[in-house]
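Please keep the model in view while going through the numbered points.

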Amino acid sequence: MAAGLAMTAAALVAAGPRDAERVRDPDRVRPQGHQAAAAPLVTAPVRIADAATVRLLHRGDRVDVVAADGSTAGGGEPRVVAAGARVAEVPEPADGAESAAEGGALVVLSVPRATAARLAGAGASARLAVTLC
């Protein structure tokens, strides 16, 4: 039993804190090689408030999606809705498709189904932003 614990500890140390964190958090997308144990992934189109930020993204990037209701003075603290989500696609906007009412830009993320539901809910009630991981 001690040998098993020692091997587990060595594997966690070798994986590093970033990979070990992803393994512990069930909503984080697993790094490649851990996909067998991960929840099935779905694609989630997400409208990010700042279109210029979306233009910095590329397929395969990892992002955290942050939701802010726009009234932080009223106690609405920004919150992470999706952590370590993989960018599946950054669609080119169609000419004239980005209306002033819509704003922002679309990005397609690959996330577990529960995270996709949280993203959809947050996108309906808050402005979404991304940070690169």
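**Notes on the fold**

1. Of the 133 residues in the chain, 32% are buried; buried denotes under 20% relative accessible area, exposed over 50%, and partly exposed in between, with a 1.4 Å probe and protein chains only. The model is predicted, and local features need pLDDT of at least 70, side-chain atom pairs count only at pLDDT 80 or more, and totals for chains, interfaces and linings use all residues. Residues are numbered from 1 along each chain as its sequence is written, and side-chain values use heavy atoms, with hydrogens and water left out.

2. The chain contains three helices and five strands. Here helices (H or I, at least four residues) and strands (E, at least two) are DSSP runs, numbered from the N terminus. Along the sequence their pattern is α-β-α-β-β-β-α-β.

3. Several pairings can be traced individually. S1 and S4 are joined in the antiparallel sense by eight bridges, and Ala44 has Leu109 as its bridge partner in S4. Three bridges link S3 and S4, also antiparallel; here Arg86 is partnered by Ser110 of S4. Strand S2 (residues 62-68) runs antiparallel to S5, with six bridges between them, and Ala68 has Arg127 as its bridge partner in S5.

4. Contact means heavy atoms within 4.5 Å. The 13 residues of H3 reach 19 Å from first C-alpha to last, close to the 18 Å expected at 1.5 Å a residue; the expected span is 1.5 Å times one less than the number of residues.

5. Which residues of H3 are buried? They are Thr115, Ala116, Leu119 and Ala122. These residues cover an arc of only 130° around the axis, and therefore lie on the same side of H3; the arc is that of the directions from the helix axis to the C-beta atoms. On the other side of H3, the exposed residues are Arg113, Ala117, Ala120, Ala124 and Ser125.

6. The largest nonpolar core has 22 residues, and those with the most contacts inside it are Val46, Val63, Val65, Val107, Leu109 and Leu119. Such a core is a set of buried Ala, Val, Leu, Ile, Met, Phe, Trp, Tyr and Cys residues joined through side-chain atoms within 4.5 Å. At least two residues of this core come from each of S1, S2, S3, S4, H3 and S5. Leu119 touches, among others, Ala44, Val65, Val81 and Leu128, with residues up to four places away in sequence not counted.

7. Is S4 largely enclosed or open? Seven of its eight residues are buried, so S4 is largely enclosed by the rest of the structure. By contrast, Ala129, in strand S5, is partly exposed, with a relative accessible area of 39%.

Note on methods:
Pairing = 2+ DSSP bridges.
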